[in-house]
Amino acid sequence: MSPRSNDDAQERDLVDEAADPAETAGAVADPAGTAETAETAGAPGTAETAGAAAGPGERRGAGRARVLQLAACAVALAVAMTAGAVVLGNRDGGAPSTVSSAPGLNPELLAGGSLASGISALQSHLKAQPKDSGGWATLGMAYVEQARTNGDPSRYPQAQRALERSLKLSPGNDPALAGRAALAAARHEFPEALAYAEKALDENAFNERALSVRIDALVELGRYKDAAKAADEADSRRPGVPVFTRYAYVRELRGDIKTARRVLKQALSGATAPGDIAYVAGSLGQLSWREGEYAEALTYYERALRADGTYLPALEGRARAQAANGDRAAAIRGMEEVVARFPLPGPLVVLGELYEARDGEQDRAKARDQYALVDAWTSLARANGVNADLDTALAAADHGDREAALRAARAEWERRHTVHTADALAWALHVNGRDDEALAYARRATATGYRDATFLFHRGMIERATGHEKEARGSLSSALKLNPGFSPVGARQAEKALTALGGAR
């Protein structure tokens with residue numbers, strides 16, 4: 001076969017390979033066709049409820065059902081997870097991600113209002129025009145976005161092949177280079193993301209996606225001063241929703257909440273696409289929740305969900321805000337909805353802690369099931385080439401293997417020095433009884449001015465353990481003053497520790 005014929009065959013394979021996302025999910029989640037329905041396998045607590053009123057033989061059956069339920073959920077994780085800093089609300093530390101919006105998908109892709117239909121249209125176009133390098137670049141970026149929104153990491157290899165095809169047809173074209181940057185960021189390959197973004201900007205200094213991913217990569221590498229400079233530069237070149245949201249987060253990392261809020265409100269006022277409205281309103285909800293402004297957070301989350309009723313970061317954020325605002329029943333219902341669709345570590349841990357806080361007859365077993373699914377997620381993430389060390393460290397430190405938590409936190413710290421990795425390492429050291437070593441990392445996590453009640457709680461507990469009681473009272477009081485509902489379990493621990501120290505909120 002001639003090289004040209006081989007290229008043509010590869011192009012046909014690329015445009016034909018993207019099956020319907022629902023069909024792909026079904027094939028992966030239930031390869032043998034034997035999985036239980038969502039009502040029996042995906043809803044948290046089903047097996048436990050069934051076992052509560054059963055006899056000994058039935059309870060053994062219910063126990064087996066719970067194992068099967070967990071196994072079915074674990075299999076579903078293979079299609080429920082997203083592999084990047086752009087994850088469905090899976091920022092470092094379990095909060096929704098700041099790099100979650102793939103900037104600037106081409107207008108023609110979204111003209112029909114559906115990413116799947118846009119991809120189908122692109123495939124048809126590329127069958128007719130297989131030498132269209134721009135079309136291949138757009139298809140590659142669409143696959144990255146589809147992986148993010150559908151939780152289907154199988155799209156990443158497809159994205160890579162499409163982007164490579166674009167670059168082969170038109171070497172150095174900036175849309176494909178920017179797509180490679182976004183793909184690397186989605187895979188947590190932040191040095192590579194930065195390198196590709198810089199290459200794209202060398203070709204086109206005004207490429208919005210490259211400008212945005214450059215900020216993302218610098219943030220995720222802990223290079224905050226460089227990220228602030230990149231955000232200023234991006235704002236001067238391509239002001240708009242993708243840049244505004246990143247600009248706001250860089251300011252928030254430095255403790256400038258006033259500017260972050262102002263910029264996000266400006267972005268929301270200019271947003272017209274439902275996806276942009278959902279993302280920016282959700283970001284404002286997250287900011288309000290972290291500041292302990294629960295009513296305002298709920299207002300923003302509702303606005304996000306009016307734009308996109310399936311937007312998971314808003315669904316998750318609303319449940320967190322409801323819990324913090326005292327509506328635990330609504331919070332549990334909402335978080336159950338989230339984890340039934342996408343059982344990711346952050347929501348799983350929060351739901352487990354909500355069960356613990358409710359402390360009903362079956363709630364501790366339900367909580368253990370959520371924590372067990374975090375381990376399943378971690379295994380599947382790694383099997384799909386996703387770096388899951390930060391998720392492992394954060395979940396395992398409180399609800400799993402503490403030594404594994406420390407190994408994972410150290411591994412992540414070796415890769416990148418962010419406030420989130422510093423906090424994770426500090427807490428992992430603390431739960432392993434290494435508080436003197438932990439204190440330096442806890443202080444580093446709070447050194448930039450970033451306002452996070454969990455960071456302050458962790459610092460206060462470590463200060464208490466190292467005998468710095470005055471500092472501990474200050475940190476714990478600040479955590480509870482800033483966001484008294486930051487964690488269903490952690491907030492209660494902070495209250496008890498502060499009382500023991502003779503402090504007051």
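Me: Before we start, what do buried and exposed stand for here?
Reply: Buried is under 20% relative accessible area, exposed is over 50%, and partly exposed is in between (1.4 Å probe, protein chains only). This is a predicted model: local features need pLDDT of at least 70, side-chain atom pairs count only at pLDDT 80 or more, and totals for chains, interfaces and linings use all residues. Residues are numbered from 1 along each chain as its sequence is written, and side-chain values use heavy atoms, with hydrogens and water left out.

Me: Why is Asp363 called buried?
Reply: Its relative accessible area is 4%, and the cut-off is under 20%, so buried it is.

Me: And what makes Arg358 partly exposed?
Reply: Arg358 comes out at 36% relative accessibility, so it falls between the two cut-offs.

Me: Why is Asp363 with Arg358 called a salt bridge?
Reply: A salt bridge needs a side-chain nitrogen of Lys or Arg within 4 Å of a carboxyl oxygen of Asp or Glu. The closest N and O atoms here are 2.7 Å apart, so the pair qualifies.

Me: Is Glu291 buried or exposed?
Reply: Glu291 is buried, at 15% relative accessible area, while Arg451 is partly exposed at 35%.
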